[in-house]
Amino acid sequence: MGLDAEFTVDGGYRPMPLKIAVIGGGNIAQKHLPVLQDLADADLESLVDANPHTLQESADRFDIPNRWSSHQDLLEKDRPDAVFVMVSVLNMAAVAAEFLQAEIPTFMEKSPGLYTSDTRKLAALAKEHGT
């Protein structure tokens with residue numbers, strides 16, 4: 001998970017950039033994507049959005065090479081080092097839980113769910129899976 005390193009010409013090494021995936025390419029993602037794109041220690045590699053137009057427009061705008069119509073496809077076919085989940089609060093807990101269970105560090109841009117029980121469940125999953 002981003003802990004790999006590459007050797008430099010002068011005999012040193014530098015950590016490989018973290019592979020970042022963003023789940024949700026809508027309005028709030030438009031605020032985060034430029035920041036994530038500019039991080040020197042991270043590569044913005046994947047974007048997930050169920051809306052094909054939003055997916056294409058956002059991925060093209062931020063030059064994101066890997067595009068998925070569902071977070072399940074991403075989980076099945078790729079392994080990001082970290083994810084930024086920016087979906088509706090109605091879906092936040094369920095989507096974030098899948099990444100936590102896969103032991104992928106997960107940032108959530110909204111309330112973790114509609115209910116306190118959602119937050120408790122996500123906290124327990126993060127602790128259980130070391131994320």
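**Notebook: the parallel sheet around β6**

I looked up β6 (residues 82-85) and found it paired with β7 in the parallel sense over three bridges. Strands are DSSP runs of E of at least two residues and helices runs of H or I of at least four, both numbered from the N terminus; two strands pair if DSSP finds at least two bridges between them.

The model is predicted, and local features need pLDDT of at least 70, side-chain atom pairs count only at pLDDT 80 or more, and totals for chains, interfaces and linings use all residues. Residues are numbered from 1 along each chain as its sequence is written, and side-chain values use heavy atoms, with hydrogens and water left out.

I checked partners next. F84 stands opposite F107 in β7, and V85 opposite M108 in β7. On the β3 side, β3 (residues 18-23) runs parallel to β6 and is joined to it by four bridges. There V22 has F84 as its bridge partner in β6. From β6 the chain crosses through helix α4 (residues 89-101) to β7, a right-handed β-α-β crossover (with the strands pointing away from the viewer, the path from the first strand over the helix to the second runs clockwise).

I noted the side chains of β6: A82 and F84 point one way, V83 and V85 the other, and all are buried (under 20% relative accessible area, 1.4 Å probe, protein chains only).

I then read the whole sheet. It is open, with five strands in the order β5-β4-β3-β6-β7 and parallel pairing. β5 (66-68) and β7 (106-108) stand at the edges with a single partner strand each, so one side of each has no neighbour in the sheet.

Notes
Buried < 20%, exposed > 50% of the residue type's maximum accessible area, 1.4 Å probe, protein only.
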